[in-house]
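The sequence and structure follow.

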Amino acid sequence: MQHAKQLNSITEEQVQHYSQLAWQALLAEVNLTPKPGLVDKHNTGAHKDMALTDFHLSANAIAKYFPYFLLAGAQHKDLPIENVLINIRSIGINCETAMFRATQGVNTHKGSIFSLGLVLTAIGRLIALQQPVLPQYISQLVAGMCVGITGELKKPTDTPTAGHRLYQQYGLTGARGEAQNGYALVTQHALPYYLQQLAKDKADDIALLDTLILLMSLNDDTNIVNRGGIQGLEWVKQRATQLLHQGINTHNDLIFVKNFDNECIQQNVSPGGSADLLILTWFFARLANQHHGLTLQKFNIINIGRNKKN
């Protein structure tokens with residue numbers, strides 16, 4: 001981290017702090033159990049090509065690149081915000097390469113590399129400009145960085161991605177749309193809901209799980225549509241809404257989540273997009289409370305120890 005010392009606008013301690021927090025957010029999400037259709041400690045959800053260990057290896061590999069996003073944000077603090085994205089693309093590409101190397105070709109965290117890369121770059125810029133590191137300011141900067149990014153989905157291409165195809169078919173903008181909106185689904189819905197659940201003294205994992213179900217009820221998750229079509233998305237949203245109304249308040253209620261998990265596995269749907277947004281929610285919650293001088297002891301990380309491949 002000798003690069004950090006060369007930048008008076010951001011300290012090595014700040015770079016390490018936010019990089020570590022982002023790594024912890026990745027592990028808090030994947031270790032959360034049970035999760036409908038997603039890889040967790042009980043099963044691999046609707047995924048037959050990946051396991052929990054892949055996510056631990058992936059998180060450790062990509063976390064090494066988090067400092068570079070923060071440093072880039074500080075370095076380009078005076079650049080017009082709409083010109084920042086092109087300057088961090090190479091970091092994202094290198095980070096993806098490290099992920100695929102660690103997982104032997106499995107896409108575990110591509111969505112999170114994109115979202116956390118944007119968020120950490122925004123934080124680096126805020127610190128360098130001596131502005132508060134708060135979710136609403138990060139949201140504004142991310143939206144500014146990603147102005148017009150969904151336009152990429154409209155362009156004809158010889159190698160259309162799933163994102164291109166789903167936009168052409170259904171008008172869904174997926175991860176690009178979330179970024180262009182400054183992750184409004186997180187800042188306006190999931191984050192206040194999550195903090196509210198914690199304020200009710202719910203167990204940490206129950207509060208986070210409840211927030212995942214909320215996201216699943218609201219999010220037009222292209223991961224689900226790619227596997228289960230629009231019908232699959234509508235089913236997940238309806239089922240998640242039912243579960244929210246029923247309530248997830250104690251560990252006794254986990255049986256209902258396990259049932260939902262089994263149904264998602266049978267339907268072969270996985271809310272990967274909502275999982276990415278849950279990672280941001282966990283991360284932003286620590287920023288919101290850190291700024292108000294509250295202790296982070298309330299927020300116990302869910303078994304985030306570095307897991308080694310057996």
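In this predicted model, the side chains of Arg239 and Glu263 meet in a salt bridge, with a distance of 2.6 Å from N to O. The pair links distant parts of the chain: Arg239 belongs to helix H12 (residues 222-246), Glu263 belongs to helix H13 (residues 254-267), and 24 residues separate them. Arg239 is buried, at a relative accessible area of 16%, and Glu263 counts as partly exposed at 25% relative accessibility. The cut-off matters here: buried means under 20% relative accessible area, so the 16% of Arg239 puts this residue in the buried class.

Arg239 lies over the face of Phe260, at 5.2 Å from the ring centre. Arg239 therefore takes part both in the salt bridge with Glu263 and in a charge-over-ring arrangement with Phe260.

How many salt bridges does a search of the whole structure find? The search finds 7. Side chains of opposite charge can pair when their charged atoms come close. Another of these salt bridges is formed by the side chains of Arg89 and Glu152, at 3.1 Å from N to O. This pair, too, links distant parts of the chain, with Arg89 in helix H5 (residues 85-103) and Glu152 in the loop between helix H7 (135-145) and helix H8 (162-170), 63 residues apart. Arg89 counts as partly exposed at 41% relative accessibility, and Glu152 is partly exposed as well, with a relative accessible area of 26%.

Lys77 is partly exposed, with a relative accessible area of 25%. Asp78 is exposed, with a relative accessible area of 62%; exposed means over 50%, so Asp78 falls in that class.

Now turn to the nonpolar interior. In soluble globular proteins, nonpolar side chains tend to be buried together. Here the largest nonpolar core has 91 residues. Which residues have the most contacts inside it? They are Ile123, Ile138, Val142 and Phe283. Leaving aside neighbours within four places in sequence, Ile123 is in contact with Tyr18, Leu70, Val133, Ile138, Phe283 and Leu287.

A search of the whole structure finds 3 aromatic pairs. In one of them, Tyr65 and Tyr68 are tilted, 6.2 Å centre to centre and with 50° between the planes. Tyr65 counts as partly exposed at 22% relative accessibility, and Tyr68 counts as partly exposed at 39%. Phe283 and Phe284 also form a tilted pair, at 6.3 Å centre to centre and 55° between the planes. Phe283 is buried, with a relative accessible area of 0%, and Phe284 counts as buried at 1% relative accessibility.

One more arginine sits over an aromatic ring. Arg286 lies over the face of Trp282, at 3.8 Å from the ring centre.

How values were computed
Residues are numbered from 1 along each chain as its sequence is written. This is a predicted model: local features need pLDDT of at least 70, side-chain atom pairs count only at pLDDT 80 or more; totals for chains, interfaces and linings use all residues. Side-chain values use heavy atoms; hydrogens and water are left out. A salt bridge is a side-chain nitrogen of Lys or Arg within 4 Å of a carboxyl oxygen of Asp or Glu. Buried means under 20% relative accessible area, exposed over 50%, partly exposed in between (1.4 Å probe, protein chains only). Helices (H or I, at least four residues) and strands (E, at least two) are DSSP runs, numbered from the N terminus. A nonpolar core is a set of buried Ala, Val, Leu, Ile, Met, Phe, Trp, Tyr and Cys residues joined through side-chain atoms within 4.5 Å. Contact means heavy atoms within 4.5 Å. Rings of Phe, Tyr and Trp (its six-membered ring) pair if their centres lie within 6.5 Å; planes under 30 degrees apart count as stacked, over 60 as edge-to-face and the rest as tilted. A charge sits over a ring if NZ of Lys or CZ of Arg is within 6 Å of the ring centre and within 35 degrees of the ring normal.
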